[in-house]
Every structure is written in structure tokens, then in C-alpha cells.
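The following note sets out points for a colleague's review of the structure shown below.

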Amino acid sequence: MTHVVLAIDTATVTASAALWRDGVLATATQDSSGHSSELLPMIDAMCRAQEITPQQLTAVAIGLGPGSFTGLRIGMATAKGIAFAAGLDMWGVSSLAAVALQMADALTVAQRATTLLVPILDARRSEVFVGAYRSVGVDRVAAVIAEEVFAPEGVTAYVAKAQAVGTELTAVAVAGDGLVEFADVLGGLAFAKLPPLTPCAGAVARLAVAGEHVNMRDHGTPVYIRPSEAEVNYPNGVPGALRTPPASANS
């Protein structure tokens, strides 16, 4: 079966969309300031240019994060809205994994077999989201250890932990906008530095098509890794928020 997939990623400062049919047909990007108002028009223009209608789609693929809380919620809502309206499956993949796949594209086949792929994305609050992946095929990567969020000073220790698991991964490559945001800390890392800076929806589509096709439309949620600022500041609930009153003892 030939899949026709619309892919979306809004985890970072760049919103990205792509169409897949036996390969990536088209991609579109925009600055994240227009996530909410310009994402659907961007997707519509891309689909019209490729003469693909919602009825021709097999599924919608979404980058689940980690990333910007607002961006992820907008991307998830958009993907679910399209999937529900057109009666499509929704497939989710890690946005860090998408960066890792793009990193693998920059390596030779021999290099992919021995390189630990470490995407590093700006997580705000003086932290980075980090993953550790190995290439396991042209359109697939596999996690070596779990994705984490921590201060940029922790990257070296995280890489060492991943290499202790993937002992055959003797080389290390890093990429992502976290390298730019925290260049003062990460600029001196003795690892190969590769493009890209942010996840591309084309890589999201490739991972989703090559994956297990688990339908997340009804219950899928973004992957935040850490609690939101509101959850940190108000662990017992936001003051003044409406709450259900306790049931009357006489009821």
C-alpha cells in the first residue's frame, strides 16, 4: 500500500509541514510566531501545490516533542483536527528522533554504523532536551537511552552514559538549536557537529511511515518530559481556579 502522509512538527522555533508519497514530496516551514494563525494556511497551500486533498491522505504524522509547550499543543490540536475531520489515523514520533534521522542523512553508511547521534534542542529555562540514537536503517533510528532534560553542562555525562550502553558507537555527533543557544557551554564539545538546528516534518513523515503505525488520534498527547511552569509554581492547583465543591453531607 502506498501511504500518503501529511506530517507536522511544531516543537521548536520553526514550524514545519511535509507531504509524503513514496518519498517526501514537499516541505514548508515558518517562524514559530505564526504557529497558531499561519500553520493551517501553510499546510493548505502546500497540499494545493501538490494537488493532494484530505481524502487522498492515509494518515497525519505529528512530532510529539519534546519542545515548546505551546507549540506542541498547537501542533497536536492541528493534527488531531485534520485527522478527525478526514477520518484518518494519526501517527506520532519523537521530534528529537526526527533530528537524529536528519543527522544520519549527513553521514556515510559506514559512519552511521558507529556514530551515536545526539540531538540537543533548546528547552528554555537554561536547559536542553537531549536524546541519544543510533541509525538502524535509511528511514529509522532507535533510542539508545531515554530522552532527558537538564542543564547544558550535563551533556557530556549523558553522552558517556549512552556510550556505555551502545559500546559499538565509538563516534559521537551532535546537532540542534541548543548548540547555538548555549554555545558558551557546548561550543567546545569534542564531538562532530552536524545540521540541522530544528526537526523537519519530512523526517517526521519518514519515521512515521517506517514505524509501527499506532493510531494515536483519540488518546495521543505531546511528550513534554518535564512539568509545565504552572505545575511547578502551583503543584496544588492555580489559586482562584474553579473547583468542584465537596458534596454536601446531607446529599
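Predicted model: local features only at pLDDT ≥ 70, side-chain atom pairs only at ≥ 80, totals over all residues.

1. Two strands are taken to pair if DSSP finds at least two bridges between them. On that basis, Trp 20 stands opposite Val 24 in β3. The strands concerned are β2 (residues 14-21) and β3, which run antiparallel and are joined by seven bridges.

2. Overall composition. The protein has 251 residues, of which 50% are buried. Its secondary structure comprises nine helices and ten strands. Among contacts with a separation of 6 or more, 66% are between residues 24 or more positions apart.

3. Strand β7 (residues 128-137) pairs with β6 in the antiparallel sense over four bridges.

4. Ile 120. This residue belongs to strand β6 (residues 115-122), and its bridge partner in β7 is Val 130. Is Ile 120 buried or exposed? The cut-off for burial is under 20% relative accessible area; Ile 120 has 0% relative accessibility and therefore counts as buried. Beyond its neighbours within four places in sequence, the contacts of Ile 120 include Val 128, Phe 129, Val 155, Val 174, Leu 179 and Leu 186. The C-alpha atoms of Ile 120 and Pro 152 are 9.0 Å apart, at a sequence separation of 32 residues.

5. Helix α3. Why can this helix be described as largely enclosed by the rest of the structure? Ten of the eleven residues of α3 are buried, so the description follows from that count. The buried residues include Leu 96, Val 99, Gln 102 and Met 103. At the N-terminal end, Ser 94 caps α3, with a side-chain oxygen 3.1 Å from the backbone nitrogen of Leu 96.

6. In soluble globular proteins, nonpolar side chains tend to be buried together. The largest nonpolar core here has 33 residues, and those touching the most other members are Ala 7, Met 103, Leu 117, Tyr 133, Val 141 and Leu 207. Helix α3 (residues 95-105) gives the most to this core, with eight residues. Apart from this core lies another of 26 residues, among them Val 4, Ala 26, Leu 39 and Ala 79. With residues up to four places away in sequence set aside, Leu 207 touches Val 93, Ser 94, Ala 97, Ala 98, Leu 101, Asp 139, Arg 140 and Val 141.

7. Cis peptide bonds. The bond from Gly 65 to Pro 66 is cis, with omega near 10 degrees, and Pro 66 is found in the loop between β4 and α2. The bond from Pro 195 to Pro 196 is likewise cis, with omega near 10 degrees; Pro 196 is placed in the loop between β10 and α8.

8. Positive phi values. Arg 125, in the loop between β6 and β7, has a positive phi of about 50 degrees although it is not a glycine. With a relative accessible area of 40%, Arg 125 is partly exposed. His 213 is also a residue other than glycine with a positive phi, near 60 degrees. His 213 lies in the loop between α8 and α9 (229-233) and counts as partly exposed at 29% relative accessibility.

Terms used
Residues numbered from 1 in each chain as written. Heavy atoms only, no water. Helix = DSSP H or I, 4+ residues; strand = E, 2+ residues; numbered from the N terminus. Buried < 20%, exposed > 50% of the residue type's maximum accessible area, 1.4 Å probe, protein only. Contact = heavy atoms within 4.5 Å. Core = buried A, V, L, I, M, F, W, Y, C linked by side-chain atoms within 4.5 Å. Polar contact = N/O pair within 3.5 Å; in protein donor to acceptor, adjacent residues only side chain to side chain.
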